Amino acid sequence: MGGWVAALLVVVPSYVWLARVLTRNEPHAFVRGFMASTTLRLFLALALLVGFALLVNDAPVASFVTSFMLGYVALTALELWLL
């Protein structure tokens with residue numbers, strides 16, 4: 001469950017930011033927004049995974065990573081479908 005919540009914390013702000021970028025009239029706004037969003041999502045996801053592994057005592061890292069990645073992939077697919 002915690003992995004899905006972490007995935008929501010990564011994907012939802014990215015989706016909101018990318019949806020706002022799509023409303024701009026600049027020709028390259030989507031490409032810049034997508035690249036920035038993808039880069040920030042990568043670093044935030046890595047920070048969450050490493051932080052969980054280091055800060056939680058006796059952390060079930062394998063189940064957290066599995067849950068996180070399933071949520072991340074599912075929510076990213078939903079994000080792409082909505083955009």
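Buried residues in these views have under 20% relative accessible area, exposed ones over 50%, and partly exposed ones fall in between (1.4 Å probe, protein chains only). The model shown is predicted, and its local features need pLDDT of at least 70, with side-chain atom pairs counted only at pLDDT 80 or more, while totals for chains, interfaces and linings use all residues. Residues are numbered from 1 along each chain as its sequence is written, and side-chain values use heavy atoms, leaving out hydrogens and water.

View 1. Let's start with the overall picture. Helices (H or I, at least four residues) and strands (E, at least two) are DSSP runs numbered from the N terminus. Following the sequence, the pattern reads α-α-α. The C-alpha trace spans about 50 × 20 × 15 Å along its principal axes. Of the 83 residues in the chain, 28% count as buried. Taking contact as heavy atoms within 4.5 Å, 64% of the contacts between residues at least 6 apart in sequence join residues at least 24 apart.

**View 2. Helix α2 and what covers its buried residues.** Helix α2 runs through residues 29–55, 27 residues in total, and reaches 37 Å from its first C-alpha to its last. That is close to the 39 Å expected at 1.5 Å a residue, where the expected span is 1.5 Å times one less than the number of residues. Which residues of α2 are buried? They are Ala29, Gly33, Ser37, Arg41, Ala45, Leu49 and Phe52. As a reminder for reading this list, an α-helix has 3.6 residues a turn, so residues three or four places apart point the same way. The cover over the buried residues of α2 includes α1 (2–22) and α3 (61–82).

**View 3. Phe30 and Phe34, a ring pair within helix α2.** Rings of Phe, Tyr and Trp (its six-membered ring) pair if their centres lie within 6.5 Å; planes under 30 degrees apart count as stacked, over 60 as edge-to-face and the rest as tilted. By this rule there are four aromatic pairs. The Phe30 and Phe34 rings have centres 5.9 Å apart and planes at 25 degrees, so this pair is stacked. Both residues belong to helix α2 and sit four residues apart, about one turn of the helix. Phe30 is partly exposed at 37% relative accessible area, and Phe34 is partly exposed at 35%.

**View 4. Phe52 and Phe64, a stacked pair between two helices.** The centres of these two rings, Phe52 and Phe64, are 3.9 Å apart, with 15 degrees between the planes. The pair links distant parts of the chain, with Phe52 in helix α2 and Phe64 in helix α3, 12 residues apart.

**View 5. Two salt bridges.** Side chains of opposite charge can pair when their charged atoms come close. Here a salt bridge is a side-chain nitrogen of Lys or Arg within 4 Å of a carboxyl oxygen of Asp or Glu. One of them joins the side chains of Glu26 and Arg32 (2.4 Å, N to O). Glu26 is partly exposed at 41% relative accessibility, as is Arg32 at 48%. Glu79 and Arg41 meet in a salt bridge as well (2.5 Å, N to O). That pair links distant parts of the chain, Glu79 lying in helix α3 and Arg41 in helix α2, 38 residues apart. Both Glu79 and Arg41 are buried.

**View 6. Ser67 and its contacts.** Ser67 has its place in helix α3 and counts as buried, at 14% relative accessibility. Where does Ser67 make contact, leaving aside neighbours within four places in sequence? Its contacts there are Met1, Gly3 and Trp4.

**View 7. A nonpolar surface patch.** Accessible areas come from the Shrake-Rupley method with a 1.4 Å probe; for residues, only the protein chains shown count as cover. The accessible surface of the chain comes to about 5700 Å², and 75% of it belongs to carbon and sulfur atoms. Patches are built from residues with over 30% relative accessible area and no salt bridge, joining like charges within 9 Å and nonpolar side chains (Val, Leu, Ile, Met, Phe, Trp, Tyr) within 5 Å. The nonpolar patch here, about 630 Å², is made by Leu22, Phe30, Val31, Phe34, Met35, Leu80 and Leu83. Helix α2 supplies the largest share of the patch, four residues. Leu80 is found in helix α3 and counts as exposed, at 53% relative accessibility.
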